[in-house]
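Please look through the sequence and the model below before reading on. The paragraphs that follow go from the whole chain to one of its strands.

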Amino acid sequence: MKLIIQIPCYNEEHTLPQTVKDLPTHIDGIDTIEYMIIDDGSKDKTVEVAKSLGVHHIVRNKNNRGLARTFRKGIDECLKRGADIIVNTDGDNQYAGWDVAKLVVPILDGTADVVVGDRKTQDIEHFSPLKKLLQKVGSYVVKKVSGVQVPDAVSGFRAYSREAALQLNIISPFSYTIEALIQSGKKHMAVAHVPVETNAKTRESRLFTSIPKFIERQLTTIVRMYTMYQPLRVFVLIGAIITLVGLIPIVRFLIFYMMGDGNGHLQSLILGGVLTVLGIITFLIAILADLINFNRQLIEQTLEKVRRMELQMLDEQKSDNE
């Protein structure tokens, strides 16, 4: 059983030493533990520091590509290096590295495919009341959308089994946390959560510049992901709303018409007719989107098979070289 702990990094030369120092070197049930940093185009000495710390694998982006793309690249590289379990943590030492041992237990027990570290955000002193409220509301919304019971939906401290990692397709350019959870829920993976500790704050988040911007991007991700996996439900709902609104002026016109005053209310009939036609068009879009959704599932199945074939070929090449 091989565990690779991946750490996406961007200018983390000051915090990386403590982050790596806290990581475990032995966990019961794990034969090999290796560390990987994915350097996202750092301008400082993050890579040099990682080398001096003896990090086993160093992967580099030529320029800054953002957290979600860097996370996705890390998952692919971990799979290529034969990881059976992949743990993701942050390079700012936010998470307690020693809790990696707790994080992998549900996967080792065979009871979970994905495990999310619950930071117990209500107890974190440096989180403002507004941030705690947003975390709570956001996690509730993600639970409703994905069907996954996770109290800390944006926690980046996570463990993935090899099977779960093979099925992940992160497409968001912003953050992978919510998207990965929604995908996990829609693909019926077993998702668990365990309480974890956090360390003192070392710096401000680089993921977003303001709370409104963070809300906007997370809401966009939630709506996009839910629509991608439930297009029929979304467009039928929109079509039903438009049609019902369109029926109101039509009914109004009919009432006046039956009272003998229809000629003076033709605008209601025209408006209602236009909205009803738009509603019908939306219903047709729902059918098309549902068909596209089935095609997406076929593409994802094909992609997963291609990944398995690539990894098998890599294993065979390694065996031949040995």
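**From the chain to strand 4**

The secondary structure of the chain comprises eleven helices and seven strands, both being DSSP runs numbered from the N terminus (helices are H or I with at least four residues, strands E with at least two). This is a predicted model, in which local features need pLDDT of at least 70 and side-chain atom pairs count only at pLDDT 80 or more, while totals for chains, interfaces and linings use all residues. Residues are numbered from 1 along each chain as its sequence is written, and side-chain values use heavy atoms, with hydrogens and water left out.

Taken along the principal axes, the C-alpha atoms fill a box of roughly 90 × 50 × 40 Å. Of the 322 residues, 46% count as buried, that is, under 20% relative accessible area with a 1.4 Å probe and protein chains only. Among contacts (heavy atoms within 4.5 Å) with a separation of 6 or more, 74% come from residues 24 or more positions apart.

Strand 4, residues 85–88, is covered on both faces, with I85 and V87 buried on one side and I86 and N88 buried on the other. In a regular strand the side chains alternate between the two faces of the sheet.

Strand 4 also has paired neighbours, where pairing requires that DSSP finds at least two bridges between two strands. Strand 1 (residues 2–9) runs parallel to strand 4 and is joined to it by four bridges, with I4 standing opposite I86. Strand 6 (residues 158–161) runs antiparallel to strand 4, again with four bridges, and here I86 stands opposite Y160.

Definitions and conventions. Buried means under 20% relative accessible area, exposed over 50%, partly exposed in between (1.4 Å probe, protein chains only).
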